[in-house]
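Subject: Structure handover

Hi,

Here is the structure I promised to pass on to you. Have a look at it first, and then read on for what turned up.

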Amino acid sequence: MSKFLRLPTVSSKTGLGRSQIYLMISQGKFPRQIKLSTRCSGWLESEIDAWIQKKVEEADNKNEGAK
């Protein structure tokens, strides 16, 4: 079961700042937030974890290609 993460947790988990997160969302390179209420948004933890895993795999593939 997935849970919602708020921006400070997403930022901490990914190492990205607020501006970078929103820039990447606008470029289609980061999961979009979900509106939870009028003034509250969150990200699905499963989507953030999948994004992190994809970045790890991309880095691994680049490192193997450089050998």
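This is a predicted model: local features need pLDDT of at least 70, side-chain atom pairs count only at pLDDT 80 or more; totals for chains, interfaces and linings use all residues.

You'll find L36 in strand 2, which covers residues 34–37. Together with F4 and I34, L36 makes up a nonpolar patch on the surface.

**The overall picture**

The chain has 67 residues, and 24% of them count as buried. Its secondary structure consists of three helices and three strands, and reading from the N terminus the order is β-α-α-β-β-α. Along the principal axes, the C-alpha atoms fill a box of roughly 50 × 30 × 20 Å. The accessible surface is about 5,000 Å², with 51% of that belonging to carbon and sulfur atoms. As for contacts between residues at least 6 apart in sequence, 43% of them join residues at least 24 apart.

**The inside**

In soluble globular proteins, nonpolar side chains tend to be buried together. Which residues form the largest nonpolar core here? There are 11 of them: L5, L7, V10, L16, I21, M24, I25, F30, W43, I48 and W51. Helix 1 (7–14), helix 2 (18–26) and helix 3 (45–65) are the elements that each give two or more residues to this core. Helix 2 gives the most, with three.

M24 is one of the core residues. Leaving out residues up to four places away in sequence, M24 touches L16, K29, F30 and W51.

What does the side chain of T14 reach? It comes to 2.8 Å from the backbone oxygen of V10. Setting aside residues up to four places off in sequence, T14 touches I21, F30, I48, W51 and I52.

**Close to the start of the chain**

S2 belongs to the segment before strand 1 (4–5). With a relative accessible area of 33%, S2 is partly exposed. Which residues does S2 contact, once neighbours within four places in sequence are left aside? They are L44, E45 and S46.

S2 and E47 are 45 residues apart along the chain, and their C-alpha atoms are separated by 8.9 Å. E64 and E47 are 17 residues apart along the chain, and there the C-alpha separation is 26 Å. E64 has its place in helix 3. This residue is exposed, because its relative accessible area of 58% is over the 50% cut-off.

That's what I have for now. Over to you!

Technical notes:
Residues are numbered from 1 along each chain as its sequence is written. Side-chain values use heavy atoms; hydrogens and water are left out. Patches are made of residues with over 30% relative accessible area and no salt bridge: like charges are joined within 9 Å, nonpolar side chains (Val, Leu, Ile, Met, Phe, Trp, Tyr) within 5 Å. Accessible areas come from the Shrake-Rupley method with a 1.4 Å probe; for residues, only the protein chains shown count as cover. A salt bridge is a side-chain nitrogen of Lys or Arg within 4 Å of a carboxyl oxygen of Asp or Glu. Helices (H or I, at least four residues) and strands (E, at least two) are DSSP runs, numbered from the N terminus. Buried means under 20% relative accessible area, exposed over 50%, partly exposed in between (1.4 Å probe, protein chains only). Contact means heavy atoms within 4.5 Å. A nonpolar core is a set of buried Ala, Val, Leu, Ile, Met, Phe, Trp, Tyr and Cys residues joined through side-chain atoms within 4.5 Å. A polar contact is a pair of N or O atoms within 3.5 Å; within protein, one must be able to donate a hydrogen and the other to accept it, and residues adjacent in sequence count only if both atoms are side-chain atoms.
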